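Subject: Structure for your files

Hello,

Here is the structure I said I would send. My notes on what was found in it come after.

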Amino acid sequence: MNVIHKRADDWRVEPNFTDYEGTRARFAWQDAPDVCEGMEGGGCNIAFAALDRHVHGPAATRTALRFVSAAGSDGAVQTQDLSYAELAGWAHRFTNVLRALGVGKGDRVFTLTSRCPELYVAILGSLRNGSVVSPLFSAFGPEPIATRLTLGEANVLVTTKALYRKKVATIRDRVPSLRHVLIIDGDADDAVPGTLGFWPLLDAAGPEAPIEVTTAEDPALLHFTSGTTGTPKGALHVHGAVTMHYVTGRYALDLHPDDIYWCTADPGWVTGMSYGVIAPLLHGVTSIVDEADFDAERWYRILESQGVTIWYTAPTAIRMLIKAGPELASRFRFPKLRFIASVGEPLNAEAVWWGQRVLGLPIHDNWWQTETGGIMIANTPAFDIKPGSMGRPLPGVEAYIVHRRDDGTVAVVTEPGVDGELALEPGWPSMFRGYLNQEQRYRDSFVDGLYLSGDLASRDSDGYFWFVGRADDVIKSAGHLIGPFEVENALTDHPAVAEAAVIGIPDATSGEVVKAFVTLKNDYTAGEDLRRELMAHARTRLGAAVAPKQIEFTDALPHTRSGKIMRRLLKARELGLPEGDTSTIETVERPDVQEVRS
Ligand code: ATP
Ligand code: MG
C-alpha cells in the first residue's frame, strides 16, 4: 500500500490538528468554541461570527476578500480588496436596505450573480437580518431559476441587469412571492422596470443595523443539491451550522489567521458558501475570489502571484490541470502554498500523487454533501494519506458502513473492507433540517437513528474510508457488485487518461457489463491500439470480472455545473432513455471547471 507519510518538518506552520485519536476522544460539540459569544441576546447568527465580531478585533483592518478580476484586453488583471471592517460596513447597510423594504426574519433572499463584492454583501447582510439566503449559480437558465425561486418561495432577488433581462424577466410572473428585485449594476438613468437599484439603496441606508437575534435552530441557508443523481433537492440549514464551519476550518483546512486562502467553488453551491464565504471569515483569513472562469494558466498564476497558502478545490479542476500537461505547470512556483484539499467527487490516487510531484504537496481529499453542510470525513494534517481514500471522520463525526435489511432496519458492518452505505450519527451542528417540500424524503433518510448518505464506501482496519460509488451508480455484473470509482481509478492511473466515467449496460448473460467513457490528456490520441492497451491495463489492475468490456473515447464527459460526472446521463444516452432533470448540466463543450463546486 502506498502511503504519504506526514513528518513534523513537512509543516511550515504548526498545524491545528496533530493528534487524531486524542482529539477525537476528547471532542464534544457542546465544548466547541462559541463563535457567537458576545452576541446580544445570547443568540447565534452566522454573520455575527463571520463578520460582526471581527469589527472591533485584530482582523478589522485585514483584507477579508480579494477579488481578482477577469483579464482586460491587455491581459492584465486587477484586484480589489475589502477589509473585514469595510465588508461589515456594507453588510450592515444591506440589513437596513432589507428592513426598509419590509423584508424580515425568515424571508427568503436569493442571489443570482457572478462572484462580485455585492454577492458577499448581500449574503452577509441578509443573514444579519435573519433572512434565509439561497444563492443560485449565475449560469443557470430561466427554467432552473424559476423552479428554485418558486420552490424556495423567494421574496427578494439580488442580480444584475443582464441576468435579469435574459433569465428572470420572462419567468417573474411565475414567482408571485418575489416582492423585490435588486439590480447591482442598476442606475437611475437606465432603470429596469420592476426592479430597484442595489447601490442607490445601499448608499442611502444608515450604517447602524443591530443584528437580528436568531437562535442556533433558526433557518439561515437554503442550498440546492447538484442534481447528479436526479432532480436537485432543496436542503435547509440553520445558523448553528456555524460551529461546524469553524471547527472543520481548523481541523480539515488548517486555517490560521494569516493565511491567504483560495476556495475555488462558487457560493451557488454549498462548498462555495460553507468554505468560500463562512469558514474563512470565521477564521479571519484573507480569501481570494476569482471573478473569471477556469483557465489552467490563470489558476497557476493566481496560486503563484497571490501567494495562496491554502487551496480548496475539486477533482474535476485538478484533472483539468493534469490534462493541461506538465510543461505549463513547470512555469510556476508555489513556495507559499502549504496545504491543499479537495471535495466533490472521488479523487483518484494518481491526482494525489500529481499534487505531490507538481505542486510539491499531496492533495487532501475530503467527503461531505449538501445535506451535511460541512466536511465530515477528511484527510487532515494529523495523519498519513492513503491516496484514493477520503480519509477519516473528523472529531465530532461518527461514520459507519451499514447494510439495509429487508425489514427496513440497518445493520452496522464492523469488519473492515466490506462495502456498504455510508451512514452518519446525527448530532453534528450543520446537519440539514429538511428537504424543501419533501418531508417524507427527509424522514426516510434517517433509519435506526442514523443518517444514510446514499453513497457506498468501505472502511479499512485503520479507520480510513474508501469511496465505492453512489448507491444509484453501482453495477451488478455476473453476481459482482462493482463500484464505478474502483474502475475509474484504475483507468486514470494510466498515463494517457485524463478522466473516466463508468456505467453498467444491460447484458443477456451477466445482467450488466461495465462500459467506460474516457477522455485523454492533451498529448494523447484516441485509437484502436490505445483502446486495447487500456483494456489490458484495466484487466491487469482489476481482473476480468471487474474490468470494462467496452471503452469509448470522448472529448468531454457530461458534468454538473458543480463539476460532478453525470453517470446517469451517460447511461440514459447509451440506452436511449429520457435524460431526466438536466437543469444543472454543464453546457459548454469543454467542461468549464470554473463552475466546479462541491
Ligand atoms: P444530488 O443529490 O442532487 O444527486 P449531489 O449528491 O452530487 O447531487 P452534492 O450534495 O453537491 O450533490 O454532492 C455530494 C455528493 O458528492 C456526495 O454524496 C458524494 O457522492 C460526492 N462526493 C463529495 N465528496 C466526495 C469525495 N471526496 N469522494 C467521493 N465522492 C464525493
Ligand atoms: Mg446527493
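**Aromatic rings**

Phe 446 is partly exposed, with a relative accessible area of 24%. Please keep in mind that this is a predicted model. The partner of Phe 446 is Tyr 442: the two ring centres are 5.1 Å apart and the planes stand at 70°, so the pair is edge-to-face. Edge-to-face is the label for planes over 60 degrees apart.

How many aromatic pairs does a search of the whole structure find? The search gives 29. Some ring pairs join up into a cluster, which links Phe 17, Tyr 20, Phe 27, Trp 29, Tyr 251, Phe 383 and Tyr 464.

**Helix 9 and its two neighbours**

Helix 9 covers residues 270-282, and its axis comes within 9 Å of the axis of helix 8, residues 242-251. The crossing angle is roughly 80°, and the two helices are therefore roughly perpendicular. On the helix 8 side the contact is made by Val 242, Met 244, His 245, Tyr 246, Thr 248 and Gly 249. Helix 9 contributes Ser 274, Tyr 275, Ile 278, Ala 279 and Leu 282. Sorted by class, this contact has seven nonpolar residues, four polar ones and no charged ones.

Helix 9 also meets helix 4 (residues 117-128), where the axes come within 12 Å and cross at roughly 70°. Helix 4 is thus roughly perpendicular to helix 9. Here Tyr 120, Ile 123 and Leu 124 of helix 4 touch Met 273, Gly 276, Val 277 and Leu 281 of helix 9. By class, the contact of helix 4 with helix 9 has six nonpolar residues, one polar and no charged.

Helix 3 runs over residues 84-100, which is 17 residues. From its first C-alpha to its last, helix 3 reaches 24 Å, close to the expected 24 Å at 1.5 Å a residue. Its buried residues are Tyr 84, Leu 87, Ala 88, Ala 91, His 92, Phe 94, Thr 95, Asn 96, Val 97 and Leu 98. After helix 3 comes Gly 102, with a positive phi near 80°.

Helix 15 (residues 484-492) is mostly covered, with eight of its nine residues buried. Those buried in helix 15 are Pro 484, Phe 485, Val 487, Glu 488, Asn 489, Ala 490, Leu 491 and Thr 492.

Ser 342 sits in strand 13, residues 339-343. Is Ser 342 buried or exposed? Its relative accessible area is 0%, so Ser 342 is buried. With neighbours within four places in sequence left aside, Ser 342 is in contact with Tyr 312, Thr 313, Ala 314, Pro 315, Ile 318, Leu 347, Ile 363, His 364, Asp 365 and Asn 366.

Thr 228 is in the loop between strand 8 (219-224) and strand 9 (234-238). Despite that loop position, Thr 228 is buried, with a relative accessible area of 7%. Not counting residues up to four places away in sequence, Thr 228 touches Arg 470, Thr 560, Lys 564, Ile 565 and Arg 568.

**Other loop residues**

Glu 153 is not a glycine, yet has a positive phi of about 45°. Its loop runs between helix 5 (142-151) and strand 5 (156-159). Glu 153 is partly exposed, at a relative accessible area of 48%; the class of exposed begins over 50%.

Asn 437, again a residue other than glycine, has a positive phi near 60°. The loop that holds Asn 437 lies between strand 20 (434-435) and helix 14 (439-444). At 61% relative accessibility, Asn 437 counts as exposed.

Pro 193 belongs to the loop between strand 6 (180-183) and strand 7 (196-197). Pro 193 counts as exposed too, at 68% relative accessibility. Its C-alpha is separated by 16 Å from that of Val 175, which is 18 residues away along the chain.

Regards

Definitions and conventions
Residues are numbered from 1 along each chain as its sequence is written. Chains are lettered from A and ligands numbered from 1 in the order in which they are written. This is a predicted model: local features need pLDDT of at least 70, side-chain atom pairs count only at pLDDT 80 or more; totals for chains, interfaces and linings use all residues. Side-chain values use heavy atoms; hydrogens and water are left out. Helices (H or I, at least four residues) and strands (E, at least two) are DSSP runs, numbered from the N terminus. The expected span of a helix is 1.5 Å times one less than its number of residues. Buried means under 20% relative accessible area, exposed over 50%, partly exposed in between (1.4 Å probe, protein chains only). Axes are lines fitted to C-alpha atoms, for helices over the stretch in contact, and angles run from 0 to 180 degrees between N-to-C directions. Angles under 35 degrees count as roughly parallel, over 145 as roughly antiparallel, 65 to 115 as roughly perpendicular and the rest as oblique. Contact means heavy atoms within 4.5 Å. Ala, Val, Leu, Ile, Met, Phe, Trp, Tyr, Cys and Pro count as nonpolar, Asp, Glu, Lys and Arg as charged, and the others, Gly among them, as polar. Rings of Phe, Tyr and Trp (its six-membered ring) pair if their centres lie within 6.5 Å; planes under 30 degrees apart count as stacked, over 60 as edge-to-face and the rest as tilted.
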